[in-house]
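Dear colleague,

I am passing on the structure we spoke about, and I would be glad if you could read the notes below alongside it.

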Amino acid sequence: MSPFTVPVPLTQRPAWSSLQTESANLQATTLRDLFAADPSRVDQLTFEACGVVADLSKHRVTAGTITDLVALAEQSGLRAHIDAMFAGEHINTSEDRAVLHVALRAPSDDIITTDGANVVPGVHEVLDRMATFANAIRSGAFKGHTGQSISAVVNIGIGGSDLGPVMAYEALRFYSDRRLTMRFVSNVDATDFVEATHDLDPERTLFIISSKTFTTLETMTNAHSARQWLLDSIGDEAAIARHFVAVSTNAEEVAKFGIDTDNMFGFWDWVGGRYSMDSAIGLSTMIAIGPDNFESMLAGFHDMDEHFRTTPFERNLPVLMGLLAVWYRNFFGCQTIAVLPYSQYLKRFPAYLQQLTMESNGKHVTLEGVDVDVDTGAVYWGEPGTNGQHSFYQLLHQGTTMVPVDFIGFAKTNNPLGDHHDILMSNVFAQAQALAFGRSAAEIESEGVPASVVPHKVMPGNRPSTVLLSDLLTPYRLGSLIALYEHNVFTQGAIWGIDSFDQWGVELGKKLAQAIIPQLTSTIDPALDHDASTNSLITRYRDMKRQ
């Protein structure tokens, strides 16, 4: 039995019943009604954490809804879940592991223990080694095999070993050393590797191979192609040690590849891949933006961690956002949540959140291994504004599916240029306003619109959104935003009673692929023992290759 087992099933908890009544009452109530009924609504439903202001007033909730949601969190043992995570208990029950990404950004004098050991000194030992190496690359002190300094860094990974680093690089490109070219390879499709390296000089290129086990199929396929690419140019096996470093825990395989294990940066089994961008997986980030900026990013993470750990639930921003996600998933049947950053630098943030949220909470059984009796894990998606406005916003405003939206905006821009930023941010406020309040038939008729056109221009409104507003996108701010969503996801998982930290769902496809690969590469027609569809596809693929 899980240590977090709550005696009363989720749907039988008192707060759940109250929320069912509340949601039924709100079906016929609009956001226009809610704002008209409560002049203080905005003040009551605006919260701040670590410099992030969150306006939650445009959600289909009342003060009573928030009270009931907080009660649900309490009745679901959220406090015990939080305390257990920070205490280093094995809350990843299916893998019997602690979950301590919060230790990756803890100050050096903190004490966070698991299995009787304080993990913080080890974290800072790795961070210090990363900083020394990053400074050597940035200063030109580290030389390639032919004595030239490094001008390009290629991170090779997949999943959390790619999505975090590439998102962080794009988000913090303003703070990066522009003398360095940063590239990222993840897809086993050869095109990804070829396009990433086609204009690089092998003598001045460094590869970071990010794989905890150093056996990940896609990553190691790309790594061996990178190895051959280098040798085809330089021709000396000794060059591998000067042009490759590893983020891994498998010293034997790293050494076998030819990498100097002094340039191997480790992490721990209590770090999940999608929570690892602030570990050694972030080496490419540190090289790009420098150790000081990386430290500032870690401070942003840590401050949001502390807000989540210590703030009462009724004022706890990650908790409130997680509870609202549960509210819409389970009481309104919403299947997706859109995250729309109004910052071009955050163009990869929605993709990063897809893994964070969907790999974490796409689960169908509880911690006890029993089928869940409610829906879990909404689909997260999005694009940067204002691009999305000319793409999918039509459905958000007038479609038949309600999609809660998170808007992310900043009061200042890293790149002032005329009125660009004011125009950008006017769209944040306008889109949230339009989603919430829409445009009625009467309002459209008053503008003299022909009666036959009026129905087509009606905007129903009553579509919920959060506006997250802060001053400027900095390394600190990026850290606090990521931690905000990490703990938002944690809150949802705790309410649903699922394990947000395993990912068994990615394993079956990998295993089946291993069986199929030799059937695709064999020079003789293999005996096929799959289902009829798969057998047919393999046969057609082989025929097409021969043609």
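This is a predicted model: local features need pLDDT of at least 70, side-chain atom pairs count only at pLDDT 80 or more; totals for chains, interfaces and linings use all residues.

Residues are numbered from 1 along each chain as its sequence is written, and side-chain values use heavy atoms, with hydrogens and water left out.

**Salt bridges**

The structure holds 22 salt bridges, the term being used for a side-chain nitrogen of Lys or Arg within 4 Å of a carboxyl oxygen of Asp or Glu. One of them joins Asp83 to Arg79, with 3.5 Å from N to O. Both residues belong to helix α5 (residues 78-86), where they sit four residues apart, about one turn of the helix; helices here are DSSP runs of H or I with at least four residues, strands are runs of E with at least two, and both are numbered from the N terminus. In an α-helix there are 3.6 residues a turn, so residues three or four places apart point the same way. Asp83 is partly exposed at 39% relative accessible area, and Arg79 is likewise classed as partly exposed, at 30%; on this scale buried means under 20%, exposed over 50%, and partly exposed in between, computed with a 1.4 Å probe on protein chains only.

A second pair is Glu95 and Arg97, whose closest N and O atoms are 3.7 Å apart. Glu95 is partly exposed at 22%, and Arg97 is partly exposed at 28%.

The pair of Glu170 and Lys347 forms a salt bridge at 3.9 Å, N to O. Because Glu170 lies in helix α7 (residues 160-171) and Lys347 in the loop between β10 (336-341) and α15 (349-361), this pair ties together parts that are 177 residues apart in sequence. Glu170 counts as buried at 13% relative accessibility, whereas Lys347, at 36%, is partly exposed. The side chain of Glu170 also makes a polar contact of 3.0 Å with that of Arg173, a polar contact being a pair of N or O atoms within 3.5 Å, where within protein one must be able to donate a hydrogen and the other to accept it, and where residues adjacent in sequence count only if both atoms are side-chain atoms. Leaving aside residues up to four places away in sequence, Glu170 touches Tyr345, Lys347 and Arg348, with contact taken as heavy atoms within 4.5 Å.

Finally among these, Arg105, Asp278, Asp305 and Glu486 are linked in a network of salt bridges.

**Helix α21**

Helix α21 (residues 507-521) has 15 residues and spans 22 Å from its first C-alpha to its last, close to the expected 21 Å, which is 1.5 Å times one less than the number of residues. The helix bends by about 30° at Ala515, with Pro518 following within four residues; the bend is the angle between axes fitted to the seven residues ending at a residue and the seven starting there.

**Backbone features**

The peptide bond from Gly385 to Thr386 is cis, with omega near 10°, and Thr386 is located in the loop between β11 (379-381) and α16 (393-398). Asp96, although not a glycine, has a positive phi of about 55°; this residue is in the loop between α5 and β3 (113-114) and is exposed at 54% relative accessibility. Asn462, also not a glycine, has a positive phi of about 65° and is placed in the loop between α19 (454-457) and β13 (465-470), where Asn462 counts as buried at 12%.
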